[in-house]
Amino acid sequence: MNRTSSPRAGNGLWRIFGVPTLLGVMSAVGLISALLGDDVWDALSWLTLGIPLLVIGWYVARPVRG
Amino acid sequence: MMTARTIRIWSATHKWTSLICTAFMLLLCLTGLPLIFHHELDHLLGNEVEPPEMAAGTPHVSLDTVIAAAKAQRPGDVIQYVGWDPDEPDIVFVSMAKTVDAPPSELKPVVLDARTAKVLNEPKTQEGFMYVMFTLHVDLFAGLPGKLFLGAMGLLLVVAIISGVVLYAPFMRKLTFGTVRVQKSRRLKWLDTHNLLGVVTLVWALVVGFTGVINTWADLVIQLWRYDQLATMVAPYQGKPPVAPDRLASLDRVVATAREATPGMTPSFIAFPGTLFSSAHHHMVAMRGNAPLTKRLIRPVLVDGETAALTDTRELPWYLTALLVSQPLHFGDYGGMPMKIIWALLDIVTIIVLGSGLYLWVARRRTSVEARLGETVEEDRAIPDLTPAPVALRRPAE
């Protein structure tokens, strides 16, 4: 995530898509878990679907200066 | 990394698919917002009732008594469907119409108490705010063509999302995740916001978008089931006259037959003979499971409408299973109130992505993608460029 890290081809893609991939996997887990069960499964879904929203809130409230 | 040509193609794809579908997607996001909370809003608007308080475990009267009460409420109408809400077992929903083959838009629901056979409510389903929101969302008041049109717009959205993700890479090549350049220009601020919000909600938007598309095919999929599976199951009845309404078997016996054929399952709804989900000679009892996932899936049991004897039951084909699984994933109604709130917030984020995308097109439609990428690179000039970037990524000479 460091801006000064070496942006070489392969690891450049990972640098760009690392966080989005992680958030995407989380969303998928959340979408599926509440289908599979109630209680704990629902709670897992709220957590994993809620985190992307928190991430948006974080970066919009405290923008990284580019 | 991508060549200039590939970037141009993806950029054009993103621009055109988005431009065509954005207006409709904004409409779907706005009308979808109240629909997420339709259960709560229906209560508020008085279109839904709670069963009156009675001692827990009060036994249910016979189904025949319940449907007799419904018929007394709407003399002259016939019953098309009888159904239950898994969360309100003490309520029976009876859908009636002038004829058994009247279209769904002409169905008149009667809500009854399963313990007393008292009519609780006759909700108006064809008027009011929620009806307008629902119909705009489902078919734009244009029936099946409207549904299929919105489905096509949904497919364009899916392409727009995928092309947007591909373009995210060259735009973010020199930026840390989450960068929003608030001080450079309004357009750059919204470009970064569009990219951030879009990529973070990517999986949710793809799933809700594509399951929405699947839902637009529901009518077609049901017809497919009628020709594919229902027709073979009721083949022995071909050529027989339809069951006369006054010769219908006891509904309690019909349900007993279905329960016997599918041990451990619970009736979800019953389609009467002559309706969309049955044949002219059969009750179709849709049995559901009881686990969180299986209670949304059904197994159709065909019961002779006159004798209440079992005719056939088969596993639901994959295309109907796919439709039933895609529904909760589109509605967001399977994880309680917190999930509905999350759904609503993600819907609002999607509205911002759509709106900012439109703004970016209006504000800068005369520059090429190279110029826009160049701008991204230029503002990061302080960092030495170590990559052998494609020529097009470098800022065009001024």
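1. A:Leu36 lies in helix H1 of chain A; helices here are DSSP runs (H or I) of at least four residues, numbered from the N terminus. The model is predicted, and local features need pLDDT of at least 70, side-chain atom pairs count only at pLDDT 80 or more, and totals for chains, interfaces and linings use all residues. Residues are numbered from 1 along each chain as its sequence is written.

2. A:Leu36 also belongs to a nonpolar surface patch of about 730 Å², whose members include A:Val25, A:Trp41 and A:Leu47. Such a patch joins nonpolar side chains within 5 Å, from residues with over 30% relative accessible area and no salt bridge; accessible areas come from the Shrake-Rupley method with a 1.4 Å probe. Helix H1 (9-36) and helix H2 (40-61) of chain A each give two or more residues to the patch.

3. Turning to the interface, 43 residues of chain B are in contact (heavy atoms within 4.5 Å) with 34 residues of chain A. The two chains bury about 3400 Å² between them, 75% of it on carbon and sulfur atoms; buried area is the accessible area (1.4 Å probe) lost on putting two parts together, summed over both.

4. On the side of chain B that touches chain A, the residues divide into 31 nonpolar, 7 polar and 5 charged. The largest share of this side, 7 residues, comes from H11(B).

5. Between chain B and chain A, the count is 0 salt bridges, a salt bridge being a side-chain nitrogen of Lys or Arg within 4 Å of a carboxyl oxygen of Asp or Glu. Over all chains, the count comes to 12 salt bridges.

6. B:Lys147 forms a salt bridge with B:Asp219, with the closest N and O atoms 3.0 Å apart. This pair links distant parts of the chain, 72 residues apart: B:Lys147 is in helix H5 and B:Asp219 in helix H8 (residues 218-233) of chain B.

How values were computed: Chains are lettered from A and ligands numbered from 1 in the order in which they are written. Side-chain values use heavy atoms; hydrogens and water are left out. Ala, Val, Leu, Ile, Met, Phe, Trp, Tyr, Cys and Pro count as nonpolar, Asp, Glu, Lys and Arg as charged, and the others, Gly among them, as polar. Patches are made of residues with over 30% relative accessible area and no salt bridge: like charges are joined within 9 Å, nonpolar side chains (Val, Leu, Ile, Met, Phe, Trp, Tyr) within 5 Å.
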